Amino acid sequence: MRTAVVVGGGLGGLAVSGALARSGWQVTLLEQADRIRPEPTAVVLWPNGVRALRALDLGAGLDAVATALPDGGVRRPDGHWLVQPRPVPVERLPVVVHREDLHDALIAGLGDRVELRTGVTVRTVRATPGARPAVGDGRHLYEADLVVAADGVDSVIRRQLAPGANVVSSGCAAWRAVIPWYRAPNLSESVSGEILGAGYRFVAASLGERGSSGASSRGGIYWMATAAGAARPEPPQTQLALLRRWYAGWPGPVEELLAATEPDDLVQQEIRELRPLPKAYGFPLGPGGVVLLGDAAHAMPPHLGQGACLAFEDAATLAVLLRESTLPDAVLAYDRARRPRAAAVVRQTRRMSAVLQTRGRLALRARDVALNTITPRILGTAATVAAQWRLPPP
Ligand SMILES: Cc1cc2nc3c(=O)[nH]c(=O)nc-3n(C[C@H](O)[C@H](O)[C@H](O)COP(=O)(O)OP(=O)(O)OC[C@H]3O[C@@H](n4cnc5c(N)ncnc54)[C@H](O)[C@@H]3O)c2cc1C
């Protein structure tokens with residue numbers, strides 16, 4: 001039986017572990033935390049991410065917990081429409097799902113062929129030509145035919161195999177929250193949509209009421225705010241007060257949602273990305289190999305909501321290639337398939353970053369013009385890039 005060690009129990013690591021196990025691999029999943037712990041936020045999955053989950057046979061689990069996200073358009077803080085909402089066929093709509101629900105669905109997909117070891121921090125990777133790959137935590141060496149590095153933006157495996165890829169700040173911080181359905185404000189207008197301001201962005205989506213989206217147990221309203229600058233060191237109460245000041249006067253439902261948010265709902269994160277991207281995502285080693293997957297391979301700012309979607313694409317692509325080819329060939333084919341795809345999505349994301357992070361009065365005026373002319377095109381292109389992905393033929 002072929003064996004794999006997957007490092008990292010985030011969305012990417014869970015998805016690929018289940019996929020390999022369902023294809024008959026013996027999988028060991030190593031996670032540094034003492035348990036697999038999803039963030040109490042939500043994630044938007046574009047059609048490419050949904051397609052990847054379906055290819056991984058996780059469609060039913062997703063359908064039970066996801067809520068379709070109608071096109072809410074894009075506005076400026078003065079209410080002016082940058083992109084009007086359009087009717088979009090349901091199969092082309094993104095969905096929003098609570099991360100805890102998504103984790104539950106991924107964990108249900110692990111089956112009994114995955115040995116989950118928590119509290120294991122991988123510190124080294126053995127990538128010696130001719131030998132099977134292995135990772136170590138200082139006490140044990142975990143050897144396998146395949147090592148999947150799904151250990152996130154700070155991946156120790158990537159640092160050793162692709163040291164030229166640096167983790168840098170994206171120049172902005174993000175705040176997210178899910179307001180549970182029972183204390184969500186009663187809104188007169190649609191929740192979903194995006195508002196772009198000078199260095200600030202606000203996105204909201206309804207997760208529905210409890211039970212209104214099938215088996216989902218976690219309804220409510222999800223929002224995400226990004227602001228140019230560093231993460232704030234103040235306690236959540238002060239961060240919330242700052243957010244309410246920054247977004248004062250923005251069109252509905254921004255103020256209502258910030259008013260209904262409690263400090264404990266708030267999740268703050270400094271946004272970081274890989275620059276440049278790794279030169280390789282696949283490293284054949286003797287009869288086996290190592291691959292980079294998810295944020296370990298292509299961490300990017302969340303402006304297009306594509307990080308997790310790409311991690312699922314990675315997992316689906318790897319699973320299909322491994323089914324049809326020898327292991328070293330599959331590792332090389334994975335590299336060939338995933339690098340151009342990730343580079344294309346990162347390119348679109350960086351164009352959005354450039355528009356979003358303009359600061360200074362003159363620059364702002366230029367940015368406002370740019371927002372009127374470029375953003376609809378960027379968003380349109382980004383949506384197309386996202387929708388275009390198809391599972392590669394084996
Ligand atoms: C504010 C924000 C909003 C976002 N919104 C969206 C969205 O709407 N849609 C979307 O598609 N994407 C979104 N993303 C991106 C998405 O969250 C990530 O791309 C995705 O979660 C990456 O998953 P991952 O499994 O690759 O990495 P991670 O989630 O980082 O998981 C890595 C795992 O590896 C473990 N680990 C790390 N190092 C080691 C080690 N040495 N040994 C053992 N274990 C280790 C970690 O503990 C962790 O569990 C967003 C990101 C942010 C920051």
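Author: Just after helix H2, Asp57 takes a positive phi of about 65°, in a model that is predicted, so that local features need pLDDT of at least 70 and side-chain atom pairs count only at pLDDT 80 or more, while totals for chains, interfaces and linings use all residues. Residues are numbered from 1 along each chain as its sequence is written, and side-chain values use heavy atoms, with hydrogens and water left out. Helices (H or I, at least four residues) and strands (E, at least two) are DSSP runs numbered from the N terminus. H2 itself covers residues 47-55, and among its buried residues are Pro47, Gly49, Val50 and Leu53, where buried means under 20% relative accessible area, exposed over 50% and partly exposed in between, with a 1.4 Å probe and protein chains only.

Turning to the ligand, 33 residues surround it, the closest being Gly12, Glu31, Val44, Arg99 and Asp295; a residue counts as near if one of its heavy atoms lies within 4 Å. A polar backbone atom of Gly12 is 2.9 Å from an oxygen atom of the ligand, and a backbone N or O atom of Val44 lies 2.8 Å from a ligand nitrogen atom. In the side chain of Asp295, an N or O atom is 2.7 Å from an oxygen atom of the ligand. Taken alone the ligand exposes 1,000 Å², of which the protein buries 85%, by the Shrake-Rupley method with a 1.4 Å probe. Elements giving two or more residues to the shell around the ligand include H1, E2, strand E3 (42-45) and helix H9 (307-324).

How values were computed: A polar contact is a pair of N or O atoms within 3.5 Å; within protein, one must be able to donate a hydrogen and the other to accept it, and residues adjacent in sequence count only if both atoms are side-chain atoms.
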